[in-house]
Amino acid sequence: MIEPILKNHDLTHANTLGLPCRAERFAAPADMTALRHVLQQACAQGWRLTLVGGGSNLILPTSLEGLVVQPALSHWWLERQGENVRVHVGAGVEWHPLVMTLAHRGLWGIENLALIPGRCGAAPIQNIGAYGVELSEVLEAVHLLFLDDGRKVTLTPAECAFGYRDSIFKRELAGRVVIIGLTLRLTRQARPRLDYGDLSARVGPRPSALDVAEAVCAIRREKLPDPGQLGNAGSFFKNPVVARAVADRLLARWPDMPHFNVDAERVKLAAGWLIDRCGLKGWRDGHFGVHERQALVLVHLGGGDADELLTFAEGVAQRVHSHFGVTLEREPRKA
Ligand SMILES: Cc1cc2nc3c(=O)[nH]c(=O)nc-3n(C[C@H](O)[C@H](O)[C@H](O)COP(=O)(O)OP(=O)(O)OC[C@H]3O[C@@H](n4cnc5c(N)ncnc54)[C@H](O)[C@@H]3O)c2cc1C
């Protein structure tokens, strides 16, 4: 069935920041025929195209011209291969319920990524990661369509050029493709990854995948605001990666500064700690604030818009830069 293209569609509740936004046109194609149909229409009419998933990593302007497409391909199935299982999943499948369903079935690999909002189609864009695990570790393939000629292509993880919150979809392929599905490779063999934070203290000696997923959910609920209650996009800034000499200089002055070695030359710093040390935790200005428990999360208090949020975020980044000389990079993407 070809879903209608809706006009003047309200996206205020379709982004976790709760930013007011109206799309000139909106479609949520539920199968490949419908998806190809709307993409062809956008191309033929010369409409600007914006892709959205669950809207949990997006900064939406008050009005979006052209056509907003939210792929709603919601199929998924399992393919058994001995101890391993391939999971084929459409771009429109919600990530967190999928994680919980697979953990419940005793499949290991993505349990540490529980409670990350959003849909599967956006998961490779920033190579979602949490509690010491990144999507790229379990991803076997990304299936996509090129927007210019409708070509269907499958990329291997190596071709996706994954990095920390990074991939080819933010670079060479930005704005050129729509992701239609993923293939994940999970296993029935227990392989808990508990070395991050206090995760190991939250589970018993031989946890199931579901135990780990539930522990991750419990920790996240304690630390992060629920977007259903308080608008936010999770971490607003990436943890900055700096040259070792820069980290050494900062550590000489702030010996308690959290830091993680990336390689011989580079060190990752904790953006939340840097913001907190500028005295900004809980800071509010206008309709936005820095969350009082987690300084990495900027919250929408209601009544604000994208421009005001970007100005507020710039103010936070400037304070960090003048205090530490470190540049913060935004994580959510502007539509
Ligand atoms: C409370 C909270 C906690 C979070 N925690 C984490 C975390 O721990 N780790 C982490 O990595 N992220 C985290 N995030 C960020 C976010 O959940 C992820 O980046 C998620 O993958 C975004 O999915 P989405 O469907 O909401 O994408 P959207 O926000 O809708 O879109 C994100 C980007 O992907 C593009 N896009 C969407 N779908 C497609 C598609 N099918 N094809 C091509 N492009 C597409 C959009 O154009 C946009 O540029 C968190 C967010 C929130 C609100």
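This is a predicted model: local features need pLDDT of at least 70, side-chain atom pairs count only at pLDDT 80 or more; totals for chains, interfaces and linings use all residues.
## The ligand and its shell

The ligand is surrounded by 32 residues, and the closest are Leu51, Gly53, Gly54, Ser56 and Asn57. Sorted by class, this shell has 16 nonpolar, 12 polar and 4 charged residues. Three strands each supply at least two residues of the shell: E8 (129-130), E12 and E13 (231-235).

A backbone N or O atom of Pro117 is 2.9 Å from an oxygen atom of the ligand. For Arg119, a backbone N or O atom is 2.8 Å from an oxygen atom of the ligand.

## Helix H2

Helix H2 covers residues 95-104, and its buried residues are Trp95, Leu98, Val99, Met100, Leu102 and Ala103. In an α-helix there are 3.6 residues a turn, so residues three or four places apart point the same way. The buried residues of H2 pack against strand E6 (76-81), strand E7 (84-90), strand E12 (177-187) and helix H4 (209-223).

Just after H2 comes Gly106, which takes a positive phi of about 80°.

## Aromatic pairs

The structure holds 6 aromatic pairs. In one of them, the ring centres of Phe236 and Phe237 are 5.3 Å apart and the planes stand at 70°, so this pair is edge-to-face. Phe236 counts as buried because its relative accessibility is 0%, and Phe237 counts as buried at 4%.

Trp283 and Phe312 form a stacked pair, with 4.8 Å from centre to centre and 15° between the planes. This pair links distant parts of the chain, 29 residues apart: Trp283 is in the loop between helix H6 (271-277) and strand E17 (284-285), while Phe312 is in helix H7 (residues 306-324). With a relative accessible area of 27%, Trp283 is partly exposed, whereas Phe312 is buried at 5%. Elsewhere, Trp254, Trp273 and Phe324 form one aromatic cluster.

## Asn15, a buried loop residue

Asn15 lies in the loop between strand E1 (6-10) and strand E2 (22-27). Its relative accessibility is 5%, so Asn15 counts as buried. A polar atom of the Asn15 side chain lies 3.0 Å from the backbone oxygen of Leu11. Setting aside residues up to four places away in sequence, Asn15 touches Gly55 and Leu60.

## Thr50, a buried strand residue

Thr50 is part of strand E3 (residues 49-51). Its relative accessibility is 7%, so Thr50 counts as buried. The side chains of Thr50 and Arg48 make a polar contact at 3.2 Å. Apart from neighbours within four places in sequence, Thr50 is in contact with Leu64, Leu67, Val68, Val69 and Ala335.

Key
Residues are numbered from 1 along each chain as its sequence is written. Side-chain values use heavy atoms; hydrogens and water are left out. Helices (H or I, at least four residues) and strands (E, at least two) are DSSP runs, numbered from the N terminus. Buried means under 20% relative accessible area, exposed over 50%, partly exposed in between (1.4 Å probe, protein chains only). A polar contact is a pair of N or O atoms within 3.5 Å; within protein, one must be able to donate a hydrogen and the other to accept it, and residues adjacent in sequence count only if both atoms are side-chain atoms. Contact means heavy atoms within 4.5 Å. A residue is near a molecule or strand if one of its heavy atoms lies within 4 Å of it. Ala, Val, Leu, Ile, Met, Phe, Trp, Tyr, Cys and Pro count as nonpolar, Asp, Glu, Lys and Arg as charged, and the others, Gly among them, as polar. Rings of Phe, Tyr and Trp (its six-membered ring) pair if their centres lie within 6.5 Å; planes under 30 degrees apart count as stacked, over 60 as edge-to-face and the rest as tilted.
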